[in-house]
Amino acid sequence: MNVKIEKSWEKALKNEFKSQWFKELADFVREQYTKGIPVYPPPKNIFRAFELTPFSKVRVVILGQDPYHGPGQAMGLSFSVSKDIPNPPSLKNIFKEIESDLGHKALAQTKEKGDLTFWAEQGVLLLNASLTVEKAKAGSHSEKGWQKLTDAVIKKLSDEREGVVFLLWGNFARKKKILIDTNRHYILEAPHPSPLSAHAGFFGSKHFSKCNVLLKQNPIAW
C-alpha cells in the first residue's frame, strides 16, 4: 500500500506514517489486496475522507467504526454509500433524524441517495476508526493498527484546530472523547443510529440543528 493522502494530512500525520507500526499495517493491508482477499473499500478510496476534507477545512467530525463490509457499499466515508447502492439501516435512520430535526429531507436523499460526498466537501470529516475491512467480517482489521492512526487524527485536530464539532454516536465513538479537548471543541453524544439503538436517544437528539448552531454563521447543508 503506497500512502497517497491529501498534502495537509500527510504533513499532519508525518510521524505516524514514519512509524514501525504503520509500516506493519501497510504491509498487512497490501498483502490482503494482493492475495485477492475481498477487502473494502477499493484501495483508491481508503483515504478518500482525507482527500475531500483537508485538515484546515474540518469543521465537523462524524466517527464510524468500520467500513461497510458488503459488496460495493464502502466508499471511504463513514456511513456513506455510493449513489447506486441501497441505503443501509443506520444511514436510513440518520436521514429520518435529519427530516425530523430540520423539517426537510436530507439533501443526499434528493441528490445523491446515500452518497455523503457533499457533506465531506463542506468540512464534515466522515472518519471510520478502521479504514479497511474484510468482506462480511466486521472488525476484521480493527486490531491491525488503523485505530492508532485515526486516534492520531482526532488528537491532531483537537490540539491544532479550534471549534470543531465532534458527533459521537454509540459507545465505541463516545470512548474517543478522551482524545478531545473540550475547552477548544464541542462534543455531541448520542446512541448509535443502528436500528438496535436509534430509539434509545439517537432519534430526537437534534444533533444536526445543534451542530449548525455551534457552527454559527457557516452551517452545514445537511
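**Exercise 1. Where is Ser82 found, in terms of S2 and H5?**

Start with the ground rules: this is a predicted model, where local features need pLDDT of at least 70, side-chain atom pairs count only at pLDDT 80 or more, and totals for chains, interfaces and linings use all residues. Residues are numbered from 1 along each chain as its sequence is written, and side-chain values use heavy atoms, with hydrogens and water left out.

Step 1: Ser82 sits in the loop between S2 and H5 (helices are DSSP runs of H or I, at least four residues; strands are runs of E, at least two; both numbered from the N terminus).

Step 2: Check its surface. Ser82 counts as partly exposed because its relative accessibility is 22% (buried is under 20%, exposed over 50%, partly exposed in between, with a 1.4 Å probe and protein chains only).

Step 3: Look for neighbours. Leaving out residues up to four places away in sequence, Ser82 touches Gly72, Gln73 and Met75 (contact means heavy atoms within 4.5 Å).

Step 4: Now try His141. It lies 59 residues from Ser82 along the chain, and their C-alpha atoms are 22 Å apart.

**Exercise 2. Find what Glu6 touches and which side chain it joins in a polar contact.**

Step 1: Go to the segment before helix H1 (7–12), where Glu6 has its place.

Step 2: Skip residues up to four places away in sequence, and Glu6 touches Phe50, Glu51, Pro54 and Phe55.

How values were computed
Polar contact = N/O pair within 3.5 Å; in protein donor to acceptor, adjacent residues only side chain to side chain.
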